[in-house]
Amino acid sequence: MKRLLCAVTAGLVAIPLAASTASAKTIGPEAFGLHVSSLGSGGSPGISVSAVRLWDSGVRWDQVETSKGNYNWAALDRAVAAAEASGAKEILYVLGSTPRWAASKTTGQELYGPGTTSFPKKAKYYVNYAKAVASRYKGRITSYQIWNEANTRSFYDGGTFDGWIKLAGLTKKTDKAIGKIDSKAKIVAASSTVIPTSKFYTESFFFRYLREIKKQGANVDAVSVHLYPIDRKEGPDARIASIQAARKVMSSVGLGGKALWDTEVNYGDRRSAPVYVPKAKKASAYVARTFLDSARYGIDRTFWYGWDIDVLGISLTAGGVPTPAGKAFLNVRDWMTAGSWKGCQGSAVTTCTVGATKIVYAKATTTIPKPAGVTQVTKLDGTTKAAGSTIKVGIAPVRLS
């Protein structure tokens, strides 16, 4: 989860980002990821889950290897088993944070306790832990992420001087170590939040870390970002600006061909003033738009934070029951995986085509002529009605079939 971000808005750089209108492809269920906190206690999310990111579920490195070489696997065993039982084919595990015994220093800024943000005293401590996890969960954990939000002091205190150099080296060592144990497992770069000011392109941790990955020849299967908007009141449109910024940096350092994953996303915040919680209709629209935009702009994996976590603005469940936003997540997942994805077109009114159906939304409420062959309109809450000669559309996507 992100720490609070400063609302930096000056110096924004606009770069055109081409939407995907290419030939048809399939959007797999693994593109619809979730954070499920209760997995670490063996809890079930109560729905089918296609992809999970194991973070904030009691399974960090410092929580598992509490002293050197001594592992308490109970929570991670439960989390992996519960994810599998819920149908997850993609299980992404985050390898940090540093245990106190392995920490090189403490700063007092650590979100998860003394030493958790520090680079380990010896890189081999981290690599040995990665090897232990890969050995125990070979073929079950499918992807390993190097660190969570390494650009923020709450999670990694290596954001200055040679911190990115060390982390790139650790990325390379971890890839080699895990590759020898589980050659099918993916390595995902340390995640970074994105603040698309002019300095982001040449001075940010994200830029320097990726540049160092390329320089050192460290292999990653995917680059990772957390696309929380800078302003907590902003929605998916602001996220698109961050996608384009991340893509430009990737291209500038020679990693433009790598997959891009958004391993945390949400909108709004409940933790501190000014609290902002989008209303139900807007929340549902934001959830659906997020996953549509991910497909449209080439984000291979998107992990919503979270299914049963209520600290940010949009909650997907309340008392274990899906909220309207949770229903929107489930329905848009069904819509987008029901046929071949043929991309999206339009701006004021956007139409995404999936098989023989269309998903339509608009920047402002308007009406459109009924497309040929359409007989039904389905809303994000799952309700369906017969299509009239014109169809009302707005910020909440609807399915035309």
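Which helix is A328 found in?

A328 is found in helix α8 (residues 324-336), where helices are DSSP runs of H or I with at least four residues, numbered from the N terminus. This is a predicted model, in which local features need pLDDT of at least 70, side-chain atom pairs count only at pLDDT 80 or more, and totals for chains, interfaces and linings use all residues. Residues are numbered from 1 along each chain as its sequence is written, and side-chain values use heavy atoms, leaving out hydrogens and water.

A328 counts as buried because its relative accessibility is 0%; the cut-off for buried is under 20% relative accessible area with a 1.4 Å probe, protein chains only. Setting aside neighbours within four places in sequence, A328 is in contact with S284 and L380 (contact means heavy atoms within 4.5 Å).

## Nonpolar cores

A nonpolar core joins buried Ala, Val, Leu, Ile, Met, Phe, Trp, Tyr and Cys residues through side-chain atoms within 4.5 Å. The largest one has 107 residues, and L54, L76, Y93, Y144, L167, Y209 and L210 touch the most other members. Helix α3 (residues 123-136) gives the most to this core, with 9 residues.

Not counting residues up to four places away in sequence, L210 touches V223, V249, M250, V253 and L255. There is also a second, separate core of 10 residues, with A387, I391, V393 and L400 among them.

## Where α6 meets α7

Now for a helix pair: P236, D237, R239 and I240 in α6 meet Y286, R289, T290, D293 and S294 in α7.

Notes:
Buried means under 20% relative accessible area, exposed over 50%, partly exposed in between (1.4 Å probe, protein chains only). Helices (H or I, at least four residues) and strands (E, at least two) are DSSP runs, numbered from the N terminus.
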